[in-house]
Amino acid sequence: MNSIYLQAVRPTKLIILATIAAAAFGFVGTMLGDEPVFDGGKSTWHDGFVRYDFVMDDETLAITPFTRQEKEGFEVGSPAKGQRRCIVVVPDHPAPGNPWSWQGCYWNHQPQAEVELLHRGFYIAFITPDSGRQYPGKQWDAWYAWLTDKHGLSKKPAFVGMSKGGVNEYTWATSNPDKVSCIYADNPGIYAEDILRLGELIKHDVPLLNVCGTEDFVLEKNTKVIENIYHEGGGQISLMIKEGAGHHPHSLIDPKPIADFIEQHVQLNTTPRPEMVDDTFTKSYYYSAENLYIYLPKEDTYATCRGPQFTPCYDRYDKDGKSVFGVTGMAVLVPKTPAVGKPWVFRADRIGRDASAIDLALLARGYHIVAAPYLGQGPVLAEWNAVYTNMISHGFSKTPALEGAGAGAGEAYAWAIENPDKVSCIYGENPVLRSIMSGRQEEKQPLDNLAPLAKAGVPILHVCGQLDPWLDRETRVAEKNYKKLGGRLTVIIRKGEGHFPIGSVDPKPVVDFIVAKAQP
């Protein structure tokens, strides 16, 4: 704290003159290195951090210093008619890039996350919100510009919003998606029209963290709706749902998970785009939405937690399709660190948003997962061959593993039969061994054309539900015929299950099989 104050009053002629000149406008720019310097009504906030108060004229948008009344304490009083109260709290040691958190409403209510962020080098800012159903407008825009353009704070602040603060942060952020790094929303409200604009936040890669109570009256209407849209759209959204809590109290007694989320996401993502995906690919994310039950010792309760803040999250790239329906072609899941030899799995079915335990385990082992395109006429041999060529031209293994579920397994077989020397192994889950792939050289269905795979020595693994109607008519026939041809086909039966698995799939046998068969 003292370093900021000393810089503001350092007795050099240049600083004094510049300070006097700028005082009329209520600010001092970033004249001293990279650290912003403010000249408002100075006081202290929690833990002794320096607080500066200002007022903004609603019409002219002029921002001038303001000395708050002592009786306000750490709070903020009501502004005079035609004005707004504005606050900046300054960290002792600003973090690189001057990150800041914008409080969307209810200044000083459960401020523990903001206090923790101050200790981590964040600035904290606030402007009086609009009352009623008014939208944050030109005053909020002017406050943002004043802090960023004139004082050098980061161009992408984090947002903190509780209840009505959630309304404010989602409204301003969906209108300015390029000006937000991340959003922490606590039992938030949100307008229906802003729900329809969440795609703008996904497009601009804005991660969300919603902290709620299980008994919060807006949990189902707001947060879970936001989660469904955001997850299905490929954005990053994490939830912490506190067991037995209502709309209040907001925040967490120990704000570390909130501060960790914000600190992590104010940093610009500099991860380079993989070479095999160009600008025609759209980036999104792939992660599990399974629940974790985490103990919160200071609340003495548990929270249901899910999303990328609590589970591994991988970059996903989808080829933009030519269809007017927005259908995508090739999709790629990227591991954090590629394995030696750049092994990959060629998936013969689409990659959904509900992450596969097997694919997550393979990503953790350094495998890329690549889904073949399914466009207007379904699978096309030439298009799948182009995907293969693209991958090996960028140094990936020439013998990927083929993977498919249901009818997708039949397409995996079909491509492998046409390219038996380009396959390390095949994994099928409850497979249906028939194909509609166009452009195939032969019209035989995979179940009747296993000889090329057996001749090439391609090992096969099927995992089937005991009650799956395709088990006897497809897998058992394939198992018998493949062994007659000298091939190796292993079948794992899951007791009590049908075509659709009813429990989590243990990925270990499948992953071990694929990794063991991988070839450089």
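The model is predicted, so local features need pLDDT of at least 70 and side-chain atom pairs count only at pLDDT 80 or more, while totals for chains, interfaces and linings use all residues. Residues are numbered from 1 along each chain as its sequence is written, and side-chain values use heavy atoms, with hydrogens and water left out.

**Stop 1.** Select F38 and Y52. The structure holds 23 aromatic pairs (rings of Phe, Tyr and Trp, the last by its six-membered ring, with centres within 6.5 Å; planes under 30 degrees apart are stacked, over 60 edge-to-face, the rest tilted). Here the ring centres are 6.2 Å apart and the planes stand at 35°, so this pair is tilted. F38 is in the loop between α2 (13-23) and β1 (41-44), and Y52 is in strand β2 (residues 50-57), 14 residues apart (helices, H or I, of at least four residues and strands, E, of at least two are DSSP runs, numbered from the N terminus). Both F38 and Y52 are buried (under 20% relative accessible area, with a 1.4 Å probe and protein chains only).

**Stop 2.** Which two residues form an edge-to-face pair, 5.2 Å centre to centre? They are F346 and W415, with 70° between the planes. F346 lies in strand β16 (residues 344-347) and W415 in helix α12 (residues 407-418), 69 residues apart. F346 has a relative accessible area of 0%, and W415 also has 0%.

**Stop 3.** Finish with K342, whose charged end sits over the ring of F396, 4.2 Å from its centre (NZ of Lys or CZ of Arg within 6 Å of the ring centre and within 35 degrees of the ring normal). K336 lies over the face of Y314, at 5.5 Å from the ring centre.

Conventions:
Buried < 20%, exposed > 50% of the residue type's maximum accessible area, 1.4 Å probe, protein only.
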